[in-house]
Amino acid sequence: MLAASEEAERLAALRQLNLLDTPPSDEFDRLTLLTARFFAVPVVLIALIDDARQWVKSRHGPDLGEIPRGIAFCSHVVHGKQTLVVNDASEDPRFRDNPLVLGPPHIRFYAGAPLITRDGHALGALCLIGHEPREFSPSERHTLELLAAQVMAVIELRQASGRLHPTSRLPNAAQFGEDLADLIRRHQGESRLFVMIDIADPDHLPTHINLLGPRWERELPTAMIRGIRAVFEEKFPIYHPLSLRFAFLLDPSATPGWQEKLDQMASHFRRPMSSEVPVALHPSIGVVPFRLGDFTDQALVQRGVLAAHEARAVGRMLTAASGQSAANDWHDAHMLLGELRRALDLPGQLTLAFQPRLDFKSGACRAVEALIRWNHPTLGPVSPGEFIPLVEHTTLMTDLTYWVMEAAMREIAELRRTEPLFRVSINVSAGDLQNSDIVGRITDLLRRYDLPPAAIELEFTESSLLPNRTFVHQQLRAIRDLEVEIAIDDFGTGYSNLAYLKSMPASVVKLDQSFIRVLATSARDRAIVKAAILMAHELGYRVVAEGVETAEICAMVAGWGCDEGQGYYIGRPMTAEALKLWLAERQIPPVAVSLP
Ligand code: C2E
Ligand code: MG
Ligand code: MG
């Protein structure tokens, strides 16, 4: 027997190789075939001795399945760390009562050469099995040992040739590519699910990094593996194809209840990682159903990333997998994104509506907000409330934002011929701020339409300002350096406070409509809005009330010193043409300012 510590090291060395429970692969199968031909035996195995079982990486001959370690001939090879030859098992007192001798596979002849690592750990054996007694010459023994060394060379080559992710030591994208190719060769056309777990939630990652420090790189993969293994008893490789993203393949026909299991896995992740690390993960999980052979490994990884993005965007842990309705939603979301991508290149489907903002002091309208409108050829109008959240975490967002910027600046350049001081405010999403190109784009567009920076204002929601603060800060400063104004949209709905936002170079706060629309009936909201206006002024912001739906509300907010109002009472979002008429006719409703 091996000493306990030596056995623990041996097992650790074995696990590090990530060979256990991986699919068969040609490079090993060629060696077992060669060995069987050379020795003319019916069975050849590359067997690895795990904690309690013998697991076969490659075999020539019938499938013997997993064998308990206690009865496996190869465990003797591992313990002795040297070649074992049993000429006739039924005559050998060590083996004659072994169930593998008495029953299938009826071993009579056995020869196994150890698979030994550079560090001297015996992982398993390359072994020959015959159903008849047989002599084994010293030169045959030597040949078997040479072949075992060759198996070890392949194992170590895999290890050395960059198939493991450097931090997690899990099989990486290259290994996934190899395994998928092997799987396609064997099971072409069968259905599989590619499950991608994306732990890079931009809102939570900074917390993880703060709480765990440099340990997070080590702890997160461990927690992921634990979460997956806690739910799926069948062992399959877990890949680490991209930083902060983990993946595995499921065979849905061999995994009954896989939907529920994925759900369970998702809730497992929502629990804190461990008692000493009270961090819950907020991964998004994308599921890509496909047929083996339909996609390359890279295409699958890309689709997985997209599916996980979309899962986060629709606010669900799972996309295609959590039952039929989610599958439909996922399908709809997926379809909608594809259609929107096309709409960006086609004229006519996307337009801008402009909603006036009323300046309470002067009673004039000098600003409008640009709001996107999508008229889909068969679905009809699709509300931005529906598609913006879907797009927000995809790369499409930047294209959409640039489309809006360009269209808004074109219209405002036109309007400023008659209303020289007019400005347009444009909604910008979190992802756009992560894009280092945004400042250059704004500069280019201002130049193209010959507009001063004061002609535009950018609106950001609070939540888009939170992740990756330092970078966001830099971007906002660069925008402010252009002298473009920055507004904080939907203020009051996020978790930040004005004092924090003060460190952002914004100059306008737009109070969210959920506070404003209810002012007539809610004393609590009246108190909040009054206080928010006061505080925002103290901190030097201009304040815009959104959702001004009635004359009464308009009078209230104006009376409390709010600078501007926007809402259905003042004007609905309208086309550029309608806006020109509206402005020309000065259809600005009267504001009866009541004192607070
Ligand atoms: P938001 O930026 O807060 O825009 C204001 C929304 O409130 C608009 O909805 C507007 O039509 C609606 N609204 C204005 N006044 C009133 C009112 O008095 N009462 C009520 N009940 N609603 C009012 P819309 O156009 O459906 O846009 C919804 C959201 O979609 C916008 O909220 C914004 O977050 C987003 N969005 C719209 N266009 C764009 C865009 O071009 N880019 C980005 N990133 N987001 C956009
Ligand atoms: Mg807005
Ligand atoms: Mg808003």
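## Ligand 1 contacts

A polar side-chain atom of N427 sits 3.0 Å from an oxygen atom of ligand 1. This is a predicted model, in which local features need pLDDT of at least 70, side-chain atom pairs count only at pLDDT 80 or more, and totals for chains, interfaces and linings use all residues. Residues are numbered from 1 along each chain as its sequence is written, chains are lettered from A and ligands numbered from 1 in the order in which they are written, and side-chain values use heavy atoms, with hydrogens and water left out.

Q355 places a polar side-chain atom 2.9 Å from a nitrogen atom of ligand 1. Y568 uses its backbone: an N or O atom there is 2.8 Å from a ligand 1 oxygen atom. Of the 790 Å² of accessible area that ligand 1 has on its own, the protein covers 85% (Shrake-Rupley method, 1.4 Å probe).

## The shell around ligand 1

Ligand 1 is surrounded by 23 residues (a heavy atom within 4 Å). The closest are Q355, R373, Q513, E549 and Y568. By class, the shell has nine nonpolar, six polar and eight charged residues. Ala, Val, Leu, Ile, Met, Phe, Trp, Tyr, Cys and Pro count as nonpolar, Asp, Glu, Lys and Arg as charged, and the others, Gly among them, as polar.

Which strand gives the most to the shell? β12 does, with four residues. β12 (364–376), α12 (384–391), α13 (396–415) and β16 (485–491) each supply at least two. Helices (H or I, at least four residues) and strands (E, at least two) are DSSP runs, numbered from the N terminus.

N427 belongs to strand β14 (residues 423–427) and D489 to strand β16, so the pair ties together parts that are 62 residues apart in sequence. N427 is partly exposed at 28% relative accessibility; D489 is buried at 6%. Buried means under 20% relative accessible area, exposed over 50%, partly exposed in between (1.4 Å probe, protein chains only).

## Six-stranded sheet

Six strands form an open antiparallel sheet, ordered β3-β2-β1-β6-β5-β4. β3 (67–68) and β4 (84–86) are the edges, each with a single partner strand, so one side of each lacks a neighbour in the sheet. Strands pair if DSSP finds at least two bridges between them.

Note on methods
Polar contact = N/O pair within 3.5 Å; in protein donor to acceptor, adjacent residues only side chain to side chain.
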